[in-house]
Amino acid sequence: MSVIVTLDNVYRAYKMGSEIIKAVDGISLKITQGEVCCLQGPSGSGKSTLLHLMAGLDKPTKGSIHIGKTRIDKLNENQLAVFRQRYVGFVFQNYYLIPTLTALENVTMPLSFCGMSRKKRTERAKELLEAVGLKDRMKHKPSELSGGQQQRVSIARAFANNPKIIFADEPTGNLDTANAFEMMKLMTSMARQFNQTLVIVTHDVELSEFATRIIKLRDGKIEKIENGRDQNYEEKHA
Ligand code: ADP
Ligand code: MG
């Protein structure tokens, strides 16, 4: 099994006046391709900071971060932008859809950087929206969609460029239990289909049952790692 994320003794400190906050305080971790990794821990334990570091949205104060063979903490902003477009997808708690664009346009957007023809981009976006159950909502703007539907659009967008790894920061935080469960099922089955890796921050203990590993953080450190379902769970239980 190939390793996709390697964190080696990673630190991220913030200076606030005279105080130094160690948001991530010496984390080493390997994540293999195809894993569904859940990050858990109390508020302020460093989950979002760690996720942003792994996704190349932030740089560590110390330590190294590899995605595949690329050491991302050494890339400049331009290189990082290209890296993220090619390899990374994001799902956020607040969806971050563009309010003036339709569902279809929101999903087509990330594809405009990868040299696909307009026709191909639209085809791909339609396929994805269909896969997340929004075939009849493509022309709707975010404000014309429910929270659960907006999160489906953002999942379709995250998967659009077929990224190797998808990072999600409390993606179900604003959804009711039934919708949250559906969303986790959807993300894990889509990822499974294409051997993509998921790294998900979630408070919800129920949702961590989808995880192959649960990484518990406290005060910027790994407190505990629990093994969850094995990577072939879905096939065995199909
Ligand atoms: P979590 O996602 O687990 O709730 P965060 O990673 O957001 O935690 O934050 C970890 C710690 O780092 C917290 O104490 C938070 O206040 C601090 N922190 C996060 N981002 C910043 C920032 N941009 N500037 C200063 N402190 C920050
Ligand atoms: Mg957070």
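Ala, Val, Leu, Ile, Met, Phe, Trp, Tyr, Cys and Pro count here as nonpolar, Asp, Glu, Lys and Arg as charged, and the others, Gly among them, as polar. By that scheme, the shell around ligand 1 divides into 5 nonpolar, 6 polar and 1 charged residues. The model is predicted.

**Ligand 1**

- The shell around ligand 1 consists of Tyr14, Met16, Ile21, Ala23, Pro42, Ser43, Gly44, Ser45, Gly46, Lys47, Ser48 and Thr49.
- Three elements each give at least two residues to this shell: strand E1 (3-16), strand E2 (19-32) and helix H1 (47-54).
- H1 has the largest share of the shell, with 3 residues.
- Lys47 places a polar side-chain atom 2.8 Å from an oxygen atom of ligand 1.
- Ser48 also uses its side chain, where an N or O atom is 2.9 Å from an oxygen atom of ligand 1.
- At Ser45 the contact is made by the backbone: one of its polar backbone atoms is 3.2 Å from an oxygen atom of ligand 1.
- Ligand 1 exposes 560 Å² when taken alone, and the protein buries 63% of that area.

**Helix H1 and the residue after it**

- H1 is mostly covered, with 6 of its 8 residues buried.
- The buried residues of H1 are Lys47, Thr49, Leu50, Leu51, Leu53 and Met54.
- Of these, Lys47 and Thr49 also belong to the shell around ligand 1.
- Gly56 follows H1 and has a positive phi, near 70°.

**Cavities**

- The structure contains 2 cavities of 30 Å³ or more.
- The second largest cavity has a volume of about 40 Å³.
- Its lining is made up of Leu53, Gly56, Asp58, Lys59, Pro60, Ile65, Ile72, Asp73 and Leu80.
- By class, the lining of the second largest cavity holds 5 nonpolar, 1 polar and 3 charged residues.

**Largest pocket**

- The volume of the largest pocket is about 430 Å³.
- The pocket is lined by 17 residues, and the closest to its centre are Arg84, Val88, Phe90, Pro110 and Arg157.
- Helix H2 (77-87), strand E6 (88-92) and helix H5 (147-159) each contribute at least two residues to the lining of the largest pocket.
- E6 gives the most to that lining, with 4 residues.
- The lining of the largest pocket comprises 11 nonpolar, 4 polar and 2 charged residues.

**Second largest pocket**

- Helix H3 (103-108) and helix H4 (118-131) are the elements that give two or more residues to its lining.
- The lining residues of the second largest pocket are Thr102, Leu104, Glu105, Thr108, Met109, Ser112, Arg118, Arg121, Thr122, Met138 and Lys139.
- By class, the lining of the second largest pocket has 3 nonpolar, 4 polar and 4 charged residues.

**Asn106 in helix H3**

- Asn106 is part of helix H3.
- With a relative accessible area of 1%, Asn106 falls under the 20% cut-off and therefore counts as buried.
- A polar atom of the Asn106 side chain lies 2.8 Å from the backbone nitrogen of Ile98.
- The side chain of Asn106 also reaches the backbone oxygen of Leu101, at 3.2 Å.

**Positive phi in loops**

- Most residues other than glycine have a negative phi.
- Tyr96 is not a glycine, yet its phi is positive, at about 50°.
- Tyr96 sits in the loop between E6 and H3.
- The relative accessibility of Tyr96 is 52%, which is over 50%, so Tyr96 counts as exposed.
- Asp219, also not a glycine, has a positive phi of about 50°.
- Asp219 is found in the loop between strand E9 (213-218) and strand E10 (221-227).
- Asp219 counts as exposed because its relative accessibility is 58%, again over 50%.

Key:
Residues numbered from 1 in each chain as written. Chains lettered and ligands numbered in written order. Predicted model: local features only at pLDDT ≥ 70, side-chain atom pairs only at ≥ 80, totals over all residues. Heavy atoms only, no water. Near = heavy atom within 4 Å. Polar contact = N/O pair within 3.5 Å; in protein donor to acceptor, adjacent residues only side chain to side chain. Areas by Shrake-Rupley, 256 points an atom, 1.4 Å probe, with all protein chains shown as cover. 1 Å grid on protein atoms, 1.4 Å probe; cavity = no way out; pocket = protein on both sides within 12 Å on 5 of 7 lines; lining within 4 Å. Points joined across faces, edges and corners; volume = space filled by probe spheres on them. Buried < 20%, exposed > 50% of the residue type's maximum accessible area, 1.4 Å probe, protein only.
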